[in-house]
Amino acid sequence: MGIRLSPLGIAVFCLLGVGVIYHLYAGVLSSRIASFRHKRTVDLRDLLALSMEAAVQGGREVKRIREDNTLEEKSKGKTKEGASEKLTLGDLNSHRKMFYLIKNTYPYIQVNSEEHANAEGEATVWTRTVPEEILAKISGGKEVPAEKITVWIDPLDATQEYTENLQKYVTTMVCVAVDGDPVIGVIHKPFTGYTAWGFVGEGSNVAPRASYNTKIPKVTVSRSHSGKVKSFVQVAFGNNTEIIPAGGAGYKVLALLDPTDEEQETADIYIHVTYIKKWDICAGDAILRSLGGQMTTLRGEQIDYSGTEGNKGGLLASIKTDHKALVKRLPPWDDNKQ
């Protein structure tokens, strides 16, 4: 004999059923939200490996287009120094490879690039292979919330030199900043295949030289305005200071370190006195910091790698020296002249 329920009983039964279903659904939903939130963190060791892969993939495009001589060179306008700012197919193809590899792997992190390609993005996703040299030096488990991360990529540093086929100056770079502080830096040389990296507080695959001369230093500066910076440097360090004009901020940072190849010049200090973009300098800043060096504005202020793309305070980079003492030797600098 079946059980008969009154209309009130049926209503109560239905409400109980709805309650059970609600709690089951809420449990599944909260579980999924928790899982989603968990995925919104990034292991910095993985991000270092991804950054290296992005720089290498971009570098392959840079090298291929240069060797095929299909640059399709254009001008983006003038720099603040009055020089023509070049844009090539190497810049754009490298951007696509680097930008979309990172965004397809971690779509929820902020990625800032020097270039902006309008074409559809690459479908590439990182294989999650971590190179042995990273596994050997850095442990995993360094999780950081995605919203704290800003990635700066330079798909082709030293474009002017690239058009002149001065290959030694050309690099591709990736930098990871956490809360505005540079933590991971990667500088890749497309034409030699060498990749330098540094992870602040964890390790690096490059090293400082044994000694540096800061009394009468060799100072590396940008080729595009070496005349403008010459008087500034000589006021600070004397007329006998050797000034080394070079292309590309990545190359100039590597000049402060133990040389990685025969073409790499060496310098004791790197100085820049005009406006410069953060994707040009963030990777080098992170590598120097990972080795105990410093890159600051000409006033000795740390550079914040969040927010706007430009740094108009100039820069002074050094390693294994008294950086504050170097800042004090510099003549007064007015940011408003830039």
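How many of the 338 residues of the protein chain count as buried?

1. **Burial.** The share is 49%. Buried means under 20% relative accessible area, exposed over 50%, and partly exposed in between (1.4 Å probe, protein chains only).

2. **Basis.** This is a predicted model: local features need pLDDT of at least 70, side-chain atom pairs count only at pLDDT 80 or more, and totals for chains, interfaces and linings use all residues. Residues are numbered from 1 along each chain as its sequence is written, and side-chain values use heavy atoms, with hydrogens and water left out.

3. **Overall build.** The protein chain has nine helices and 17 strands. These are DSSP runs numbered from the N terminus: helices are H or I with at least four residues, strands E with at least two. Of the contacts (heavy atoms within 4.5 Å) with a separation of 6 or more, 69% join residues 24 or more positions apart.

4. **Arg128.** Look in the loop between β4 (110-113) and α4 (132-137). Arg128 is partly exposed, because its relative accessible area is 47%. Beyond its neighbours within four places in sequence, Arg128 contacts Asp46, Thr105 and Tyr106. With Tyr106 there is a side-chain to side-chain polar contact of 3.4 Å. Such a contact is a pair of N or O atoms within 3.5 Å; within protein, one must be able to donate a hydrogen and the other to accept it, and residues adjacent in sequence count only if both atoms are side-chain atoms.

5. **Ser290.** This residue lies in helix α8 (residues 278-290). Ser290 has a relative accessible area of 18%, so it is buried. Leaving out residues up to four places away in sequence, Ser290 touches Gly198, Phe199, Val200, Gly203 and Ser204.
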